[in-house]
Amino acid sequence: MTISTSRWIEPALVAALCLSCAPAAPAAEPDPATRLDLLARAYPETIARIGEGLIHFRDGGAPLAVDDGRSKSHAEAVAEGDVEDSLSQLYAAGACEAAPGVDHDPGRIRSDALMKRLYGGSARAVEEALVRVDWFGGTVRVTKRQGAASALGRVRDALAGRPDLRRYLAPSAGTFNWRRVAGQPNLSVHSFGAAIDLNTAFADYWIWSGGKPGRVPEYRNKYPMAIVEAFERQGFIWGGRWYHYDTMHFEYRPELIAIGAAAGVSACGQQGSE
Ligand SMILES: [Zn+2]
């Protein structure tokens, strides 16, 4: 049968959708310019262009430097990453689960400065863009900016025909919450209304499991991969792919899904591996 769609779909996202059907040919890692191009394409609402090391915004505000010129340890990058740092680790999507390697936390490094430009620089500014999205018997408040709320709605629709998954999905443990990451100076992505935590009854979080900086407990996950796949297809990354795992957590980072697809990496292995 023919499937037609009237919606225009970002080519990079199409590539992400086809990860499971792509051949296992190793691909070159995208160079910095390609990563930045995919970043700009992921947020056309706000980013006008990126060039000469600067992100230029449609609102005409001050450009943001891609690179702060500092080299950082992984912990330092998580605490105070710049845009370049935020794109440094490849996110491998797909229906397969694997324990992440040491300090492989793709997406856990973010640029607070960029997130503020994308979603709002204060709790009040972020709240102005929050909308309610129906979520399996309740509603959640997420930002409509950058298409995040619409994307979450498509995740819900994709999973609506799977009543067996509902207990994992709801009640949501939270979406918008202006706060810092536990024990860190940087803001949680929940501050920007662009993340959702699923039913906490199935959650594994490296700190709840007894972890502390420098000592991360053994990886575990109870969420079915069909849920993860549905989120990733709409531009969300999963905290269950982090060495510092947070398995109930999903956040809207379409640039990382696109960069991973461009790199040819897959959670189901082989591609791009040595
Ligand atoms: Zn979360």
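**Exercise 1. Work out in what order the strands of the open sheet lie, and how they pair.**

Step 1. The open sheet consists of 3 strands in the order β6-β8-β7, with antiparallel pairing; two strands pair if DSSP finds at least two bridges between them, and strands (E, at least two residues) and helices (H or I, at least four residues) are DSSP runs numbered from the N terminus. The model is a predicted one, in which local features need pLDDT of at least 70 and side-chain atom pairs count only at pLDDT 80 or more, while totals for chains, interfaces and linings use all residues. Residues are numbered from 1 along each chain as its sequence is written.

Step 2. The edges of the sheet are β6 and β7, each of which pairs on one side only, and the twist from one strand to the next averages 20°, where axes are lines fitted to C-alpha atoms, for helices over the stretch in contact, and angles run from 0 to 180 degrees between N-to-C directions.

Step 3. Strand β6 (residues 195-197) is joined to β8 by 3 bridges in the antiparallel sense, and within this pair aspartate 197 has histidine 249 of β8 as its bridge partner. Strand β7 (residues 236-238) likewise runs antiparallel to β8 over 3 bridges, with phenylalanine 236 bridged to tyrosine 252.

Step 4. In strand β8 (residues 249-252), His249 and Glu251 point one way while Phe250 and Tyr252 point the other way, and all are buried; a residue is buried if 20 or more other C-beta atoms, placed from the backbone, lie within 10 Å of its own, exposed if 12 or fewer, and partly exposed in between.

**Exercise 2. Describe how helix α7 packs against α9.**

Step 1. Two packed helices are described by the angle between their axes and the distance between the axes. Helix α7 (residues 148-159) packs with α9 at an angle of about 140°, and their axes are 9 Å apart.

Step 2. From α7 the residues Val155, Ala158 and Leu159 meet Ile227, Ala230 and Phe231 of α9, a contact being a pair of C-beta atoms, placed from the backbone, within 7 Å. The residues of this contact are 6 nonpolar, no polar and no charged, where Ala, Val, Leu, Ile, Met, Phe, Trp, Tyr, Cys and Pro count as nonpolar, Asp, Glu, Lys and Arg as charged, and the others, Gly among them, as polar.

Step 3. Helix α9 (residues 225-232) is largely enclosed by the rest of the structure, because 6 of its 8 residues are buried; these are Ile227, Val228, Glu229, Ala230, Phe231 and Glu232.

**Exercise 3. Find which residues touch the most other members of the largest nonpolar core.**

Step 1. A nonpolar core is a set of buried Ala, Val, Leu, Ile, Met, Phe, Trp, Tyr and Cys residues joined through C-beta atoms within 7 Å. The largest one has 58 residues, of which Val142, Leu152, Ala194 and Phe231 touch the most other members.

Step 2. Helix α10 (residues 254-263) gives the most to this core, with 7 residues. Since 10 of the 10 residues of α10 are buried, this helix is largely enclosed by the rest of the structure, and glycine 264, which follows α10, has a positive phi near 75°.

Step 3. Leaving aside neighbours within four places in sequence, phenylalanine 231 is in contact with Val155, Phe236, Trp238 and Phe250.

**Exercise 4. Locate aspartate 103, glutamine 146 and proline 171 in their loops, and describe their backbone.**

Step 1. Most residues other than glycine have a negative phi, and most peptide bonds are trans.

Step 2. Aspartate 103, in the loop between α4 (83-86) and α5 (112-119), has a positive phi of about 60° although it is not a glycine. Aspartate 103 counts as partly exposed because it has 16 C-beta neighbours inside 10 Å.

Step 3. Glutamine 146, in the loop between β5 (138-143) and α7, also has a positive phi, near 60°, and this residue is buried, with 22 other C-beta atoms within 10 Å.

Technical notes
Two residues are in contact if their C-beta atoms, placed from the backbone, lie within 7 Å.
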